[in-house]
Amino acid sequence: MSMADVSVVVLVALFAATLLPRFNLGLAALPAAFLVGLAADRTAEEVTAFFPSDFFVLIVGITALFAVAQINGTLDWLLDGMLRLVGGRVLLVTLIPFLTGAVLTAVGTLPAAATAIVAPIALGLAARYGISPLIAAVLGITGIISGLLSPLAVYGTSARQLGDKLGIGLPDSAPVSFLAGGLVAGLVVAAGCLVVGLRTGAIPRGRITPASPADPIAPGSGTTETAERTASTTATRVLTLSCLSAVLVLSVGFDANIGYLGLTAAVVQQLALRLDPGEIVSRIPWNIVLLIGGLLTYVGLMQDLGAFARISDLLRVEGSPMLSLLVICYIAGITSFAASSIAVFATTMPLVPAVVAEGASPVGAVLAVALASILVDINPLGITGGLILGAAEPDDRPGLFRNLLTYGVVAVIVGPAIACFAFGWW
């Protein structure tokens, strides 16, 4: 048995062990990477190099930023404002993360940055208004997926450039077809979530009257003190909203690192508002940082050992154009379940020209592979899952992890097939 095969077996064993009491996957992932690395003649330094430092900065920075907004009451004020904007209709509230994510990625925001912005909004609305965290998370990420194939987005531009480079023969209308395909896929998933949510009670029916957010300034007595307190609250909100806006503009418009921006904005507010730094640090989900950091380190080692290439080789078969395309879609879906979807898409695209030469639609083949790569992004093994779990209430995280894992596994099973047969003919 090769070390690539061993790494796959160990990963399966790690997830099976989560069924045991007192087993912590986050604590076990890094030692597992170290031991498998030793068996594969990798030094500790080489294994450590796979640790996703960018993920660490991203999730710590964003959770610190929104922790400040929650501590000073601005986040509650914003969430209530969203509820008032839609007239208290909870059904419309659930669509806010979807629309936010779609707009952000459609105008060119990178998926990780968009997720960092959408996840706290989606999970904040879920916690405040009794919406299922899973439904809120899926709708938010589905919105992000819906805009990823626009002509300005990373997938849309990559699909066109790779298609031209590989000589697939994409028509001039391909960018519009890619955008339409992403929107259709996103809207179908969103509609399914809404139907399931309403039927199971995961989305409350009717309207909710916004509650008055707790005043972050200690209450006093007397008209003068009340006026001073109102002025202080307004100044706090202005500062927080300014910081949030600056992070959004700089990350989206100037491609600045959103994690470092979030940390900087959090420190600025902590000093200006004289907040307890310990309270901010305690709200950073360190268990999630350890969990996803450890898993991504192990996945990086697996990639280095050729585990995912091994899986792809086992799945590759010869057949009709649609059957060949289906196999490619499953290669993309299974691989991107625990790896960067854009990287998987780029490395899978060279398999597409042969399928197109057999008679598959150029636009349909590219679109199917792209969607197969990104429809499985809603799982807890990557940065997307880490940001979602980090934004959830602490008590919701264990259940949400299991639900996201189940959703991701189901998506791997059915997503590539749906992507192939629904969009492969475009």
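Which residue meets Arg 160 in a salt bridge? I put this to the predicted model and found that the side chain of Asp 164 pairs with Arg 160, at 3.3 Å from N to O.

**Entry 1: Asp 164 and Arg 160.** I looked up their positions in the chain. Both belong to helix H9 (residues 154-165), and because they are 4 residues apart there, about one helical turn separates them. I then checked accessibility. Asp 164 has a relative accessible area of 46% and is partly exposed. Arg 160 is also partly exposed, with a value of 22%.

**Entry 2: Asp 304 and Arg 42.** I recorded a salt bridge between Asp 304 and Arg 42, with the closest N and O atoms 2.8 Å apart. This pair links distant parts of the chain, its members being 262 residues apart. Asp 304 lies in helix H14 (residues 286-305), whereas Arg 42 sits in the loop between helix H2 (25-39) and helix H3 (44-48). I noted a relative accessible area of 39% for Asp 304, which is partly exposed. Arg 42, at 22%, likewise counts as partly exposed.

**Entry 3: Arg 283 and Glu 279.** I found a salt bridge joining Arg 283 to Glu 279, with 3.4 Å between the closest N and O atoms. Arg 283 is partly exposed at 32% relative accessibility, and Glu 279 is partly exposed at 32%.

Conventions:
Residues are numbered from 1 along each chain as its sequence is written. This is a predicted model: local features need pLDDT of at least 70, side-chain atom pairs count only at pLDDT 80 or more; totals for chains, interfaces and linings use all residues. Side-chain values use heavy atoms; hydrogens and water are left out. A salt bridge is a side-chain nitrogen of Lys or Arg within 4 Å of a carboxyl oxygen of Asp or Glu. Helices (H or I, at least four residues) and strands (E, at least two) are DSSP runs, numbered from the N terminus. Buried means under 20% relative accessible area, exposed over 50%, partly exposed in between (1.4 Å probe, protein chains only).
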